[in-house]
Amino acid sequence: MPALSATRSGTSPMTRLTGMSRVLLSASVLSLSLALSPAPVFAQPQGLPDFTELVEKVGPAVVNIRTSERAKQAAGMPEMDEQMQEFLRRFGLPVPGQRRGAPRGGGEDEAPQRRGIGSGFVLSNDGYVMTNAHVVNGADEIFVTLTDKREFKAKLIGSDVRTDVAVLKIEASGLPAVKIGDVGRLKVGEWVMAIGSPFGFDNSVTAGIVSAKARDTGDFLPFIQTDVAINPGNSGGPLLNMRGEVVGINSQIYSQSGGFMGISFAIPIDEAIRVSDQLRSSGKVVRGFIGVAPDDLSKEVAESIGLGKPTGAVIRSVTAGGAADKAGIEGGDVITKFDGKTIEKASDLRRVVAALKPGAKATVQVFRRGAYKDLNIVIAEMPSDKQARAATEPEGKASPSSVTALGLQISEVPEAQKKELKLRSGVRIDGATGVAARAGLREGDLVLSVDNVEVSSVKQFQAQLAKLEKAKVINLVVRRDDVVSFVLLRPAR
């Protein structure tokens, strides 16, 4: 029966053994094949960088900066009796004429009061320290604290508000100094680290990546943008690459809340070193200046004038008698090259000119009325902010009263621009808010007359306004580009 059963199944016992052997043999061969064949290669995830060595290496060169100023009794403020002062202090209310935390009395001889905290780093072994200008400007006393807790009273060698760079000096030697990196080698996406004193927490370390380079947020600096956490107190501290070199000075954040929101900006260290070298040698920074107001060129304008693409800086106005005026540069010119460097936008022109020394000669390529033209120019010296205000405030700007009343801020039209536009009269609008903005006026408009009387200067403009009734609707003749129109201003009642 077993044999019959086997025969019925169609397979003999010997046949079944042979089939099982074949299966086992096939499995063995497959296992051997898998063992001998190379294993597939998978990309291994790269680990996060280790910042510990950098902190140990660079940390001692980072300093805390504390500033103070003397609290003074406000001019004309009557002295408050002692009982009322004590009442306000107990309930945490500010005492009029006295800064928060100031001692009683409010006189000129009060002790220095703590004003702010920032960061900095040692530039050289003999005690030169770099920080932000906004950290130390206005301070009566500056104190630098090292990581070993030694504190020094610092001397301000110089500061430059335009680039926000300042240099201090402390009386010490043999200090650990930072190494300066090459910003040109810095790449977007590269890891960077910051060390500073956010909210007074000394030597705090944060890290992130470079988000962008040459970010335009200022006239003279192409900032490095990062996502490194920066908060109040970090200002002036170093931004470091993974080689432990300083590539920037942490300076600003973009924020709608006052705190860090993922975007921070650092001053490129090469720009900062150029500024610090001048501050150390002369205490001030000298920049080139040509006396123009440049602006970016839109695609539509570039196409309409035959330039093709929106490259270059269009000259909005030229200072009469300035370097540009003497060189033959006119309002409406588009500067495409300056001193051999291509100008893509207005900020490029400002930086190229500022980097040149006064007295240097340069060639300017301008695009004018459909053709390129080369002009030779001698660079002048940029006036200080104080000199610029002194030169323009007496007769070059409208008084605060006229700005407040109509929302207008005006200035003189340079003679070169008047000649170019064939104007007999006019003043330029530098800003429009309130009543003026609602009437459609904007920066760059030219006011030719006020209530049917031509105005050729700010003084005439103000005199004509003074003659008008306060509630009267004011009729202005305004030129925008090549179009002249009437604009009615209705003073707020």
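The legends below describe close-up views of a predicted model.

View 1. The largest nonpolar core has 37 residues, and Phe121, Met130 and Ile269 have the most contacts inside it. A second, separate core of 23 residues includes Ile315, Ala346, Leu349 and Val352.

**View 2. Helix 6 and its buried face.** Helix 6 covers residues 269-282, and its 14 residues should span 20 Å at 1.5 Å a residue; the end C-alpha atoms are 20 Å apart, which agrees. Buried residues in helix 6 are Ile269, Ala272, Val275, Ser276 and Leu279. Seen down the helix axis, the buried residues fall within an arc of 120 degrees, so they line one face of helix 6.

**View 3. A nonpolar patch on the surface.** Leu48, Trp191, Ile209 and Met242 form this patch, with about 370 Å² of accessible area together. Leucine 48 sits in the loop between helix 2 (13-36) and helix 3 (52-58). Leucine 48 counts as exposed because its relative accessibility is 74%, and exposed means over 50%.

View 4. In the salt bridge of glutamate 151 with arginine 66, the closest N and O atoms are 3.2 Å apart. Glutamate 151 lies in strand 5 and arginine 66 in strand 1, so the pair ties together parts that are 85 residues apart in sequence. Glutamate 141 forms a salt bridge with lysine 153, with 3.1 Å between the closest N and O atoms. Glutamate 141 is buried, at 16% relative accessible area, whereas lysine 153 is exposed, at 53%.

Terms used: Residues are numbered from 1 along each chain as its sequence is written. This is a predicted model: local features need pLDDT of at least 70, side-chain atom pairs count only at pLDDT 80 or more; totals for chains, interfaces and linings use all residues. Side-chain values use heavy atoms; hydrogens and water are left out. A nonpolar core is a set of buried Ala, Val, Leu, Ile, Met, Phe, Trp, Tyr and Cys residues joined through side-chain atoms within 4.5 Å. Buried means under 20% relative accessible area, exposed over 50%, partly exposed in between (1.4 Å probe, protein chains only). Patches are made of residues with over 30% relative accessible area and no salt bridge: like charges are joined within 9 Å, nonpolar side chains (Val, Leu, Ile, Met, Phe, Trp, Tyr) within 5 Å. Accessible areas come from the Shrake-Rupley method with a 1.4 Å probe; for residues, only the protein chains shown count as cover. A salt bridge is a side-chain nitrogen of Lys or Arg within 4 Å of a carboxyl oxygen of Asp or Glu. Helices (H or I, at least four residues) and strands (E, at least two) are DSSP runs, numbered from the N terminus. The expected span of a helix is 1.5 Å times one less than its number of residues. The arc is that of the directions from the helix axis to the C-beta atoms.
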